[in-house]
Amino acid sequence: MFRVRQPIPRWQVVVLGTLSIALALAGYLYLSYRAYGRNPDDTTVPGLSKLVQGIRGLFESNRKGEIDFFMDLRATSLRFLLGLALSSVISAVLGVLMGCLPAVEAFFRPPLSFCSKLVPMAMLSVFFVMIGLKETLFLSIILFGIVPTLTLSVCNAAKKVPIQLVHKSYSLGASPMEVIWLVVFRMVFPDILRGAVLSSGPVLNYLIAAETIAADVGFGYRIRILSRVLEMNTVFIYLVVLALGGYLMDQLFKAGNRTLCRWEEKR
Amino acid sequence: MSESPVVDLQKVCQWFPKGDGVVRVLHNVSLAMGKQEVVSLVGPSGCGKSTLLYAILGTQPPKSGTVLVAGREVKTPGPDRGIVYQDYSLFPFLTALQNVALGLLLHNTSFPSRTFRPLKTWRLRREFRERAEDVLEKVGLKDHMHKLPSELSGGQRQRVAIAQAVIMNPAVLLLDEPLGALDSTTREQLQMFILEMVDLFHPSILFVTHDVEEALFLGDRVVGLSQHWKHEGDDPHPGATIVYDKVVPHSSSLEDKRQADFTELVEEIRRSVYKPPQLLPLHELGRHIQRNP
Ligand SMILES: Nc1ncnc2c1ncn2[C@@H]1O[C@H](COP(=O)(O)OP(=O)(O)OP(=O)(O)O)[C@@H](O)[C@H]1O
Ligand SMILES: [Mg+2]
């Protein structure tokens with residue numbers, strides 16, 4: 001059992017994995033049972049029946065006839081997807097150009113390096129003052145948090161493309177544009193995709209944080225409102241939905257990687 | 001060789017800044033290559049063989065002297081010069097076929113024409129693909145055309161790389177130790193392959209190798225580049241230059257070629273290029289240099 005990197009049989013893997021989840025669940029249920037014992041109206045550690053009640057509550061419409069959960073889901077996923085897509089595209093284009101053209105790199109590297117060291121969360125209030133409560137606030141905080149680091153990493157990847165391939169493209173009659181687009185971009189595309197996957201976590205982080213302090217719809221906003229009135233049964237469901245969303249993104253990117261970068265996997 | 005040379009190097013010198021001083025690599029390298037000639041370039045490791053090749057390729061133009069290819073001075077890389085490296089020989093994201101067809105596409109179409117004239121481009125693409133298929137078939141890679149470079153063996157990769165360069169019909173083909181990374185059996189197969197390519201396509205080739213036997217087997221002529229020559233005067237040694245240049249005795253058939261006994265020539269080249277017992281001034285070394293202009 002304590003041999004370093006000694007493989008264990010499959011059944012042990014399954015049993016141990018199940019055990020950890022079962023333990024966590026049992027612990028939670030015990031806590032909620034104790035809380036219920038102290039105060040039957042407790043909502044901080046809701047039990048099973050309360051959670052089911054929370055799920056039902058999700059689909060009830062509010063005074064305006066809208067279903068809060070769907071409004072939140074739509075707002076947050078739109079912000080998330082738009083933010084991630086826009087920052088990936090900007091970083092891909094700028095990063096590849098920086099990696100290929102030293103003049104572009106010389107111009108953009110200093111501000112990008114500086115911005116990548118600033119703490120986006122700490123900048124939130126600055127953005128709030130400058131932009132106010134608008135959709136662009138969420139987009140700006142995501143771009144600010146993602147673009148500098150992602151661009152620099154794409155730039156470094158582009159610079160790692162073997163110079164021989166660049167020279168060979170020229171000797172096959174390529175123009176500089178063609179070298180950038182047909183060779184360097186193709187070569188770093190898997191890195192761009194990987195960078196986008198790794199960024200999706202931080203994007204969600206920044207977004208939820210921004211929604212918590214400056215939104216009137218969205219997951220971050222709702223979680224804050226609900227936890228203020230201690231409706232933890234609904235909060236927990238929101239959290240689980242967020243986790244599921246993250247998992248879904250991961251699977252999506254994996255499938256994309258398999259189809260778009262087959263050559264890289266084979267390497 | 002009455003016609004004008006395909007490659008004409010005139011007093012090519014190359015040096016690189018290093019710290020406060022310079023590293024002197026090439027000194028007055030002059031070399032003329034005839035059409036369809038296969039020239040093997042040998043020399044000690046680090047003497048500047050690749051540097052000389054890159055001067056012809058145009059990626060590292062010389063600091064002084066001129067490089068003429070087909071009569072025109074070289075300043076940048078271009079489709080009249082093909083290159084095959086030891087590694088990084090293919091674009092990893094393209095199949096063998098796409099790799100070979102790429103040059104035709106890049107050379108004959110442009111970004112705007114591909115975007116705005118899709119129908120014509122589509123027809124051209126098909127034509128290029130057919131031509132690439134044709135070449136790959138000739139070099140015996142018919143069954144591997146749709147594989148990615150990572151799915152090919154090292155030897156197959158180099159075959160594809162040579163096909164990729166040859167299909168452009170360049171004035172000169174520059175090969176920088178293309179067989180350097182291969183095991184000895186594959187290496188022998190690839191040597192035969194290069195001879196077949198020469199028979200099929202008649203390219204002019206400048207072939208860098210560190211294997212003297214290989215140089216004699218493949219080349220019509222062996223050129224030795226070396227820094228081991230005695231420099232008169234107090235200046236620092238100016239770098240490597242051509243210390244050996246000799247036509248390989250002609251063999252009428254491939255069979256003769258394989259049987260040929262090069263032992264003496266090998267010895268001679270080793271003595272003059274690799275570890276000369278004593279450094280001789282250039283004019284004395286010159287007794288081996290037959291063809292230098
Ligand atoms: N860009 C450069 N800057 C500085 N020095 C360089 C540069 N390119 C080559 N050199 C130097 O020039 C010398 C010759 O290098 P080169 O790669 O041409 O040798 P080579 O004959 O091809 O060697 P090998 O047989 O190992 O391939 C080396 O000492 C190298 O350090
Ligand atoms: Mg070399």
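Q: What pattern does chain A follow, read along the sequence?
A: Chain A reads α-α-α-α-α-α-α-α-α-α-α. Keep in mind that this is a predicted model.

Q: How many helices and strands is that for chain A?
A: Chain A has 11 helices and 0 strands.

Q: What share of the residues of chain A count as buried?
A: For chain A the share is 39% of 267 residues. The accessible surface of chain A is about 15,800 Å², and 69% of that is supplied by carbon and sulfur atoms.

Q: How many charged side chains does chain A have, positive and negative?
A: There are 27 positive and 16 negative side chains in chain A, with the centres of the two sets 9 Å apart.

Q: Let's zoom in on helix 9 of chain A. Which residues are buried there?
A: Helix 9 covers residues 219-228 of chain A, and its buried residues are A:Phe219, A:Gly220, A:Tyr221, A:Arg222, A:Ile223 and A:Leu226.

Q: What do those buried residues of helix 9 pack against?
A: They pack against three helices of chain A: helix 3 (68-100), helix 8 (176-214) and helix 10 (232-260).

Q: Why would residues three or four places apart in an α-helix point the same way?
A: An α-helix has 3.6 residues a turn, so residues with that spacing face the same way.

Q: Which residue with positive phi follows helix 9 of chain A?
A: That is A:Leu230, with phi near 60°.

Q: Switching to chain B: how many helices and strands does chain B have?
A: Chain B has 10 helices and 10 strands.

Q: What about burial and surface in chain B?
A: Of the 293 residues in chain B, 53% count as buried. Chain B has an accessible surface of about 13,900 Å², with 48% belonging to carbon and sulfur atoms.

Q: And how far apart are the mean positions of the charges in chain B?
A: They are 8 Å apart, for 33 positive and 35 negative charges in chain B.

Q: Which domains does the assignment give for chain B?
A: The domain assignment gives domain 1 (1-80 + 170-293) and domain 2 (90-169) in chain B. The C-alpha centres of these domains of chain B lie 29 Å apart.

Q: How many residues are in contact between domain 1 and domain 2 of chain B?
A: In chain B, 14 residues of domain 1 are in contact with 14 residues of domain 2.

Q: I'd like to check backbone angles. Where is B:Lys11 found, and what is its phi?
A: B:Lys11 is found in strand 1 (residues 7-18) of chain B. Phi of B:Lys11 is near 45°, a positive value in a residue other than glycine. B:Lys11 is exposed, at 55% relative accessible area.

Q: And what about phi of B:His202?
A: Phi of B:His202 is also a positive value in a residue other than glycine, near 50°. B:His202 lies in the loop between helix 6 (184-201) and strand 8 (205-208) of chain B. With 42% relative accessibility, B:His202 counts as partly exposed.

Q: Last one, where does B:Gly180 lie, and what does B:Gly180 touch?
A: B:Gly180 lies in the loop between strand 7 (172-176) and helix 6 of chain B. Not counting residues up to four places away in sequence, B:Gly180 touches B:Gln86 and B:Arg187. B:Gly180 is partly exposed, with a relative accessible area of 28%.

How values were computed. Residues numbered from 1 in each chain as written. Chains lettered and ligands numbered in written order. Predicted model: local features only at pLDDT ≥ 70, side-chain atom pairs only at ≥ 80, totals over all residues. Heavy atoms only, no water. Helix = DSSP H or I, 4+ residues; strand = E, 2+ residues; numbered from the N terminus. Buried < 20%, exposed > 50% of the residue type's maximum accessible area, 1.4 Å probe, protein only. Areas by Shrake-Rupley, 256 points an atom, 1.4 Å probe, with all protein chains shown as cover. Lys, Arg positive; Asp, Glu negative; His and termini not counted. Charge placed at Lys NZ, Arg CZ, Asp CG, Glu CD. Domains from an automatic or database assignment. Contact = heavy atoms within 4.5 Å.
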